[in-house]
Amino acid sequence: MCPPSTNGDTVSLDAVAVLWPDEVGQPTGSGPTRSQRLVALPDSARPRQLHPWHWASIRATASRRSDDRPRSRIWRDTAGLAGLLSIGALASRRRLQVRDDDSLVAHIAEVLGLGEPLATVLCGPERANQKPVVQLYDRRGKTLMYVKVAWSDLTRRLLRSELHALTHLARTSTRGFAVPEVVATGDFGAATWLALTPVSTLHHRPPTLDAHDELARLIQATGVTSADSTEKSKFVELLRRETMSLRLTGPAVAQLTAQHADRALKCGASHGDFVPWNILSGAPEAAVWDWERYRLEAPAGFDRFHFRVQTGMHRRQQALPDVLSDVRTNLDEIVPELDPIDRHVHFDWYVADLLGRYERDGGAHPSAQLATWTNMLHQALQTRLETS
């Protein structure tokens, strides 16, 4: 198994090395007995997507649905892939040939008795928790399952967390939303994989902010409901343990604990990454995936805060300080069930929790963007501590 590439202290995902350890390289016409041609986007040097050279890849792409991909974008992406699988894919920089008789895909197919499925690999943007997600489908383009692949200490920890979350949610009969079912999990070389069923809705509906807030409340109800003081809160106790060694977050959490010691924290479950691209709204119930940061006890409102912070940054391209200011201004609408002071206290803890996540991830996978966000969150929290 070829290891991921290393650049100084940064470990970078090499999806081809993780999934296909015996990569052939550029097609030569005289490759091994069992091989397949892949089309890489944007190119084979740093692929964000890998598609088999097969018409079923087009249908599989057209069938992927999420709120992050409106119907017009789906057809645009599908048409673009169709072009790449024909004339556009003739460019050598987009072509790869890999052995598929000694690969993670072949291993999973054998374990699950799937025959010889095709696999599209979605790598996503470079970030600390980046991992390949493999869409397995048959020769007609029908999706069989999705497989998440962990390749580093951080991603393996997140994969284990998702497995535990989905196991818990499977036992929660009155959820009010759909989640993927766990098919199997296992190891292949240095990688760990988790196979999940596709999840969708019968009737898709355009999402609304009110619908997302209601969905966040349903998720909140799947965890431990409590109302302890800050100094007795299990959430605060765990956050302090996790961040005490962090240069910025540790002191900030200690200050928050002292400042809010007598304030009550009303807690419930939190998805942890509650954003439009992890949700499909519709009837009879919404579908939600990517449960790797789920926890049973977090202050009420965390998912509603996170939804607004992330959409502000990534959809409206707002600066993080402006997004935080907008959310704080509208806390009475976001968490009306809390009294006015506790609304700000809960949001303070959300900012501290996000600061800890970014600082930890930045230590494991340094990047300029994570460093910028960490500094902005720390400055916002310090300003709040000094003025409240």
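Me: Okay, angles under 35 degrees count as roughly parallel, over 145 as roughly antiparallel, 65 to 115 as roughly perpendicular, and the rest as oblique. At what angle do the axes of helix α7 and helix α12 cross?

Reply: Roughly 30°, and the axes come within 11 Å. That's why α7 and α12 are roughly parallel to each other. The axes are lines fitted to C-alpha atoms over the stretch in contact, with angles from 0 to 180 degrees between N-to-C directions. Helix α7 covers residues 234-243 and α12 covers 340-364; helices (H or I, at least four residues) and strands (E, at least two) are DSSP runs numbered from the N terminus. This is a predicted model, where local features need pLDDT of at least 70 and side-chain atom pairs 80 or more, while totals for chains, interfaces and linings use all residues. Residues are numbered from 1 along each chain as its sequence is written, and side-chain values use heavy atoms, without hydrogens and water.

Me: Which residues of α7 and α12 make the contact?

Reply: Phe235, Val236, Leu239, Glu242 and Thr243 come from α7, while Trp349, Asp353, Gly356 and Arg360 come from α12. Contact here means heavy atoms within 4.5 Å.

Me: And α10 with α13, at what angle do they pack?

Reply: About 40°, with the axes of α10 (residues 320-329) and α13 (residues 368-387) 9 Å apart. So α10 and α13 are oblique to each other.

Me: What residues are in that contact of α10 with α13?

Reply: Leu320, Pro321, Leu324 and Arg328 on α10 meet Trp373, Met376, Leu377, Ala380 and Arg384 on α13.

Me: New topic: is Ala195 buried or exposed?

Reply: Ala195 has a relative accessible area of 0%, so it's buried (under 20% is buried, over 50% exposed, partly exposed in between, using a 1.4 Å probe and protein chains only). Ala195 sits in strand β12, residues 191-196.

Me: What is Ala195 in contact with?

Reply: Skipping neighbours within four places in sequence, Ala195 touches Leu112, Met145, Tyr146, Val147, Glu181, Val182, Val183 and Ala184.

Me: Last one: in what order do the strands of the open sheet with β10 come?

Reply: β10-β18-β16, three strands with mixed pairing. β10 (177-178) and β16 (279-280) are at the edges with a single partner strand each, so one side of each has no neighbour in the sheet. Strands pair if DSSP finds at least two bridges between them; β10 and β18 (residues 286-288) run parallel and are joined by two bridges.

Me: Which residue in β18 does Ala178 stand opposite?

Reply: Ala287.
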